[in-house]
Amino acid sequence: MDVTANLEEINHNIRQACEKSGRNPHEITIIGVTKYVTIERTKETLQAGVKNLGENRLEGFLEKYDYIQDQASWHFIGTLQSRKVKDVIDKVDAIHSLDRKSLAKEINKRADKPVDCFVQVNVSGEESKHGLAPEDVLPFIHGLEIYENVHVAGLMTMAPHTDDEESIRSVFKKLAALRDTVKDEQLGHAPCEYLSMGMSNDYQIAIEEGATHIRIGSKLVGS
Ligand SMILES: *Cc1c(COP(=O)(O)O)cnc(C)c1O
């Protein structure tokens, strides 16, 4: 399927999920995850109107960035080693995988202006998943105040791989509640308005539970 047709279907599903939950589709940003596909396909994605792109590995990101440059807004969605921060920091619009203080420190050091960061949370507690335990998130975010170039835009999570819709939904609900807790603190460095959650298999549920940024790879660009 071409990206345009896939995008139409996704937009249709977004509208449906929004209707169901009383939300406005304009609140939802689609991040097209291009990690599985070629540069040609990435260009096609851009052409279809997806202006936010996501990559999870440094090499893949740099390869795509070389061609696309700032025709897209770039989201770094994968684990980021501190020593690689300098290679991405002036090219990305947001980092969705802030999960430790040493990374925040490096972002702060290498950036010359505040960078939108999503704090990654391991809501489901699976050992294979990156991210902070939910109870550590608020103290972690308080501790970021000293880093003037780290701007906590929101929280990010990945739902467990399962067909059990209720367990997926409960992960998204917990992240939304945690976001509300952080937002209520009204911290200058951490407005924490956004929720980066939902992928190809669960984005409708994520939207119903408040997602503002959905990260879609296979269902949009193929795999
Ligand atoms: C690969 C990836 C996605 C997209 O996955 P799909 O299931 O193909 O939509 C989203 N978020 C992260 C962090 C990823 O690594």
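Let's start with Gln186, which sits in the loop between H7 and strand E7 (194-196). Helices (H or I, at least four residues) and strands (E, at least two) are DSSP runs, numbered from the N terminus. This is a predicted model, where local features need pLDDT of at least 70 and side-chain atom pairs count only at pLDDT 80 or more, while totals for chains, interfaces and linings use all residues. Residues are numbered from 1 along each chain as its sequence is written, and side-chain values use heavy atoms, with hydrogens and water left out.

The backbone at Gln186 has a positive phi, near 50°, in a residue other than glycine. Gln186 counts as exposed because its relative accessibility is 72%; the cut-offs are under 20% relative accessible area for buried, over 50% for exposed and in between for partly exposed, with a 1.4 Å probe and protein chains only. Cys192 belongs to the loop between H7 and E7, and its phi is positive too, at about 45°, although Cys192 is not a glycine. Is Cys192 buried or exposed? With a relative accessible area of 0%, Cys192 is buried.

UniProt, in an unreviewed entry, puts the feature "modified residue: N6-(pyridoxal phosphate)lysine" at Lys35. UniProt positions are given in the numbering used here, feature names are shortened, and annotations may be inferred rather than shown by experiment. You'll find Lys35 in the loop between strand E1 (29-33) and helix H2 (39-47). Its relative accessibility is 34%, so Lys35 counts as partly exposed. Which residues does Lys35 contact, leaving aside its neighbours within four places in sequence? They are Gly54, Glu55 and Asn56, where contact means heavy atoms within 4.5 Å.

The unreviewed UniProt entry also carries the annotation "domain: Alanine racemase N-terminal", covering residues 6-222. That span is 41% helix and 18% strand, and its end C-alpha atoms lie 9 Å apart.

## Gly54, on the strand side

Gly54, one of the contacts of Lys35, is part of strand E2 (residues 52-55). Gly54 has a relative accessible area of 0%, so it is buried. Not counting residues up to four places away in sequence, Gly54 touches Ile31, Gly32, Val33, Thr34, Lys35, His75 and Ile77. Gly54 and His96 are 42 residues apart along the chain, yet their C-alpha atoms are separated by 9.5 Å.

## How H2 packs on H3

Two packed helices are described by the angle between their axes and the distance between the axes. For H2 and helix H3 (residues 58-68), the angle is about 55° and the axes are 10 Å apart. Axes here are lines fitted to C-alpha atoms, for helices over the stretch in contact, and angles run from 0 to 180 degrees between N-to-C directions. H2 and H3 are therefore oblique to each other; angles under 35 degrees count as roughly parallel, over 145 as roughly antiparallel, 65 to 115 as roughly perpendicular and the rest as oblique.

On the H2 side, the contact uses Ile39, Thr42, Lys43 and Leu46, and on the H3 side Glu63, Lys64, Tyr67 and Ile68. Sorted by class, that makes four nonpolar, one polar and three charged residues. The classes are Ala, Val, Leu, Ile, Met, Phe, Trp, Tyr, Cys and Pro as nonpolar, Asp, Glu, Lys and Arg as charged, and the others, Gly among them, as polar.

## H6 against H7

How far apart are the axes of helix H6 (residues 134-142) and helix H7 (residues 165-184)? They are 11 Å apart, and the helices pack at an angle of about 25°. H6 and H7 are therefore roughly parallel to each other, and H6 passes H7 in a right-handed crossing. Pro134, Val137, Leu138 and Ile141 of H6 meet Leu178, Thr181 and Val182 of H7. That contact has six nonpolar, one polar and no charged residues.

Leu175 is also in H7, and Leu175 is buried, with a relative accessible area of 0%. Beyond its neighbours within four places in sequence, Leu175 contacts Val121, Val123, Leu155, Met156, Thr157, Leu195 and Met197.

## What covers H5

In helix H5 (residues 101-110), the buried residues are Leu103, Ala104, Glu106, Ile107 and Asn108. Their cover includes helix H4 (85-88), strand E4 (94-98), strand E5 (115-120) and strand E6 (150-156).

Notes. Left-handed = near helix turned anticlockwise from the far one by under 90°.
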